[in-house]
Amino acid sequence: MIKKTICTLLLILISINSYAQESAIELPLIGDRLSGAVSETEEEALGRQFLRDLKRESAILYDPIVQEWTELFIYKIGEKSKVNKKAFELLIIEDNNLNAFAAPGGIIGVNAGLFKYSDNEAQFASVIAHELAHLSQRHFARQILEGSDRSNQSLATVLASILVAVATNSPAAVIGGQGILAAQQLRFSRLYETEADREGYVTLQKAGYDTIQMSEMFKNMQEVRRLSGDNVPEFLLTHPITTRRITESRERAREYPSPGTIDSFNFQLIKKRVEYLMTDNLSIRSIEKDIGENDEDIYLRALIEKKKLNFTRSIELLKSLEKKHPDNLIIKTSIAEVYTESGNIRKSKDYTNKLLAVSLGNYPLSYNLANAHILEEDYIAAEQLLEDIKFYRPVDINLLKDLSQVQKNSNNMLGYHLTNSEFLFYSGRYEEALRDLQEARRIARNNFKIREIITERILILQSYVQPSRRRS
Ligand SMILES: [Zn+2]
């Protein structure tokens with residue numbers, strides 16, 4: 001019991017720390033101002049607020065395998081970019097329209113549609129590199145500075161408007177109506193887009209990709225534009241593909257040719273996995289018709305068989321791929337996942353533990369192991385694993401949600417309310433988060449230390465609740 005209390009206390013301390021960091025960020029600081037317009041700290045705070053709003057209002061595509069691959073990918077590209085602070089948070093949006101965006105604070109949003117419309121990894125990279133350039137060139141701050149009509153608008157409104165304009169096609173949902181008008185007008189100017197293309201090109205080259213793929217991606221976008229009629233995807237509204245953009249990127253590639261990486265097997269696997277995740281049961285049949293014979297097609301077929309509950313067939317297909325690609329962790333993790341989903345818990349645990357012994361702390365594998373424990377109702381073991389993952393992913397709302405459920409099932413009600421309040425907080429649902437904290441304080445009423453810590457956290461949260469009340 002004592003051990004558990006200490007453990008809980010420690011966890012609260014750790015997570016209160018992340019709360020405090022959040023709120024420290026929210027405080028406007030003086031200094032690092034871009035000609036008196038907006039500091040990087042203010043930008044970042046607004047970016048984080050925007051992120052929480054977005055998490056509340058958008059359908060997030062949550063899949064540890066896709067998430068991990070894409071995060072590592074963004075870090076790899078980010079490393080070669082001029083972005084100052086190389087810490088990124090990635091949000092994959094469950095939307096098949098082509099879109100990607102970046103927000104201050106290292107927030108990168110990618111629609112499922114970006115995977116769909118990128119033929120290869122280099123094309124995907126060209127869009128990410130472009131988005132990172134908007135961050136490194138401080139386009140948000142500069143745009144605000146140059147905006148002529150900001151006299152009557154708060155900084156928050158203007159920035160939110162730009163963010164919403166680049167991120168979503170339903171601005172009303174995200175910012176509750178404020179500044180919608182501004183959102184229509186405020187996207188990056190042509191000048192900034194040109195600059196982002198140029199900087200993005202340099203990053204793409206430094207990251208070792210075949211730069212001609214940037215203009216190939218533009219051609220894909222042009223094709224999407226042609227086929228979309230009146231229903232133009234957001235990205236193409238904010239990023240009109242002009243002949244000039246295509247020509248410039250092609251000339252750049254011709255002038256400084258850099259025959260780099262075009263594609264990878266892993267990118268193709270992830271692309272297929274996203275396609276599978278975006279497929280509902282009704283459209284399985286139409287997808288199946290178009291599956292080809294390449295290894296990545298076999299991977300998609302295996303996933304579809306899993307969806308149809310043909311687990312044996314799914315494993316057969318994956319095992320055949322494993323034979324050809326013995327070191328491929330995406331394939332191996334997918335096998336582990338089928339074992340879990342088929343209810344073969346012992347096999348899943350054995351197989352996953354063996355892999356984890358080599359890939360220590362691997363996030364998708366750990367998650368799979370946690371799921372196996374959940375299925376056998378060993379909630380204590382699952383809780384431990386999810387807590388370990390949380391240490392590295394403290395604002396991952398899907399993880400927080402799963403963890404809170406596990407805690408509820410293991411009757412750890414204090415843990416449940418605390419974790420749930422974090423889940424709600426990072427989803428921009430401040431009042432509900434506050435209610436969970438109050439409940440947690442009631443449960444901890446006899447434990448002075450924990451109660452004090454929760455009280456401190458309640459005070460921090462109240463400062464979020466009041467402004468959002470004022471806003472609405
Ligand atoms: Zn752009």
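This is a predicted model: local features need pLDDT of at least 70, side-chain atom pairs count only at pLDDT 80 or more; totals for chains, interfaces and linings use all residues.
When residues up to four places away in sequence are left aside, His-325 touches Phe-265 and Ile-331. A further residue, Asp-295, is 30 residues apart from His-325 along the chain, and the C-alpha atoms of the two are separated by 9.7 Å.

Asp-295 belongs to the span of helix α16, which comprises residues 295-307. The 13 residues of this helix should span 18 Å at 1.5 Å a residue, and the end C-alpha atoms are 19 Å apart, which agrees with that expectation. The buried residues of α16 are Glu-296, Tyr-299, Leu-300, Arg-301, Ala-302, Leu-303, Ile-304, Glu-305 and Lys-306. These buried residues are covered by elements including α14 (265-277), α15 (284-289), α17 (311-324) and α18 (329-341). Just after α16, Leu-309 adopts a positive phi of about 70 degrees.

Helix α22 (residues 397-409) was examined in the same manner. Its 13 residues should span 18 Å at 1.5 Å a residue, and the end C-alpha atoms are 18 Å apart, in agreement. The buried residues of α22 are Ile-397, Leu-399, Leu-400, Asp-402, Leu-403, Ser-404, Val-406 and Gln-407. They pack against α2 (40-57), α20, α21 (379-392) and α23 (413-426).

Most residues other than glycine have a negative phi. Arg-138, in the loop between α5 (121-136) and α6 (139-146), has a phi near 55 degrees, a positive value in a residue other than glycine. Arg-138 is partly exposed, because 19 other C-beta atoms lie within 10 Å. Glu-377 is placed in the loop between α20 and α21, and its phi is near 60 degrees, likewise positive in a residue other than glycine. Glu-377 is exposed, because 9 other C-beta atoms lie within 10 Å, a count that falls in the range of 12 or fewer.

Helix packing was considered next for α3. The axes of α3 (residues 64-80) and α20 (residues 363-375) come within 8 Å and cross at roughly 165 degrees. The two helices are therefore roughly antiparallel to each other, since the angle is over 145 degrees. Their crossing is right-handed. In this contact, Pro-64, Ile-65 and Glu-68 of α3 meet Tyr-363, Pro-364 and Tyr-367 of α20. The contact residues divide into five nonpolar, no polar and one charged.

Helix α3 also packs with α14, their axes coming within 10 Å and crossing at roughly 140 degrees. These helices are therefore oblique to each other, and α3 passes α14 in a left-handed crossing. Ile-65, Val-66 and Trp-69 of α3 meet Asn-266, Ile-270, Arg-273 and Val-274 of α14. The residues of this contact divide into five nonpolar, one polar and one charged. Ile-65 of α3 takes part both in the contact with α20 and in the contact with α14.

Definitions and conventions
Residues are numbered from 1 along each chain as its sequence is written. Axes are lines fitted to C-alpha atoms, for helices over the stretch in contact, and angles run from 0 to 180 degrees between N-to-C directions. Helices (H or I, at least four residues) and strands (E, at least two) are DSSP runs, numbered from the N terminus. Angles under 35 degrees count as roughly parallel, over 145 as roughly antiparallel, 65 to 115 as roughly perpendicular and the rest as oblique. A crossing is left-handed if the near helix is turned anticlockwise from the far one by less than a right angle, and right-handed if clockwise. Two residues are in contact if their C-beta atoms, placed from the backbone, lie within 7 Å. Ala, Val, Leu, Ile, Met, Phe, Trp, Tyr, Cys and Pro count as nonpolar, Asp, Glu, Lys and Arg as charged, and the others, Gly among them, as polar. The expected span of a helix is 1.5 Å times one less than its number of residues. A residue is buried if 20 or more other C-beta atoms lie within 10 Å of its own, exposed if 12 or fewer, and partly exposed in between; C-beta atoms are placed from the backbone.
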